[in-house]
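Colleague: Could you walk me through how to read a few local features in a model like this one? I would like the general idea before each case.

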Amino acid sequence: MSRWLVTGARGQLGKDLVALLASDNVLAVDLPELDITDSAVVAAAVADFRPDVVVNAAAYTAVDAAESDEDAAYRVNASGPAVLAAALAARPGTRLIHISTDYVFAGDASRPYEVDDPTGPRSAYGRTKLAGEQAVRELFPERSHIVRTAWLYGAGGANFVKTMARLERTQQTVNVVDDQRGSPTWSVDLARGLVELGRSSAPAGVYQCTNGGDTTWCGFTRAIFEELGADPGRVVPTTSEAFPRPAPRPAYSVLADTAWRRAGLAPLPHWRAALRAAFARDGAAFRSEGPS
């Protein structure tokens, strides 16, 4: 039985990871009990628990807020992974799976990004996540896996699906941008993939893992309306200019899973099938009046 340490365990992805790992020996931690930017606390946790695999799902994900407080985002997204990597480098055999994002790319591609394509983040959030990747690769290259994902949603946190479900209840029509393209990814499917990675002999390096296929936010919302039993025609396409935000959003966020497949890891299902499965399992959570 492997020993897993999951940081950010009360987050959307963290909750799904902990649930999947119920048969293993799991230490699920989050603030306040473990601050990944505190080297002494991290070193003690690693020494006491002696994990075989550490999954770093802790992150500063307030994309717009990061534009005005990049230092706070940097502490969690860059300094935190550096602290984890340094602590694990001194422990033989332990592996680190660090979660990253499509925001490390500029978002101006016309075909899916490969893991070794040039990065070029255009937001504070993207810059801090790229710095976290670089810290992990520099401090712990032999036994670390950096896994980029995109457009994540799940039952356990605030996300786009819950927001659109709330708007379906409260508005006759919903305007959604149709000029940003990516791969909606169910956190349960990603968690399954990460567990498979942690139990595999895949080599260290950078990977990308999302549900298959791609769509726009407008296309995604129409599919959400279908799952809600609502008329997808109520979703009106619009442009990014109509919704100015402090942080620029990538126009193109499709990530190729070439490296993932090459390592013998199972590709995730198509995003539309995943959304259907997500509603079949957790529809009540998506329809709830929770945070959006």
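Modeller: Let's begin with a loop: P32 lies between β2 (25–29) and α2 (39–49). Keep in mind as we go that this is a predicted model.

Colleague: Which peptide bond is cis, and what is its omega?

Modeller: Omega is the angle to look at. Here L31 and P32 are joined by a cis peptide bond, with omega at about 5 degrees.

Colleague: Is R50 buried, partly exposed or exposed?

Modeller: Buried means under 20% relative accessible area and exposed means over 50%. R50 has 42% relative accessibility, so it counts as partly exposed.

Colleague: And what about W151: what is its phi, and where does it sit?

Modeller: W151 also is a residue other than glycine with a positive phi, near 50 degrees. Its place is the loop between β5 (144–149) and β6 (152–153). With a relative accessibility of 10%, W151 counts as buried.

Colleague: Which residues of α5 are buried, and what do they pack against?

Modeller: The buried residues include A124, Y125, G126, L130 and V136, and K129 and E133 are also among them. The buried residues of α5 pack against α3 (63–66), α4 (70–89), β4 (95–101) and β5.

Colleague: Last topic, helix pairs. At what angle do α1 and α7 cross?

Modeller: Take the axes, then their approach and angle. Those of α1 (residues 12–20) and α7 (residues 187–199) come within 9 Å and cross at roughly 55 degrees. That makes α1 oblique to α7. The crossing is right-handed.

Colleague: Which residues make the contact, and how do they divide by class?

Modeller: From α1 come Q12, L13, D16, L17 and L20, while α7 brings S187, V188, L190, A191, R192, L194 and V195. By class, this contact of α1 with α7 has eight nonpolar, two polar and two charged residues.

Definitions and conventions:
Residues are numbered from 1 along each chain as its sequence is written. This is a predicted model: local features need pLDDT of at least 70, side-chain atom pairs count only at pLDDT 80 or more; totals for chains, interfaces and linings use all residues. Side-chain values use heavy atoms; hydrogens and water are left out. Axes are lines fitted to C-alpha atoms, for helices over the stretch in contact, and angles run from 0 to 180 degrees between N-to-C directions. Helices (H or I, at least four residues) and strands (E, at least two) are DSSP runs, numbered from the N terminus. Angles under 35 degrees count as roughly parallel, over 145 as roughly antiparallel, 65 to 115 as roughly perpendicular and the rest as oblique. A crossing is left-handed if the near helix is turned anticlockwise from the far one by less than a right angle, and right-handed if clockwise. Contact means heavy atoms within 4.5 Å. Ala, Val, Leu, Ile, Met, Phe, Trp, Tyr, Cys and Pro count as nonpolar, Asp, Glu, Lys and Arg as charged, and the others, Gly among them, as polar. Buried means under 20% relative accessible area, exposed over 50%, partly exposed in between (1.4 Å probe, protein chains only).
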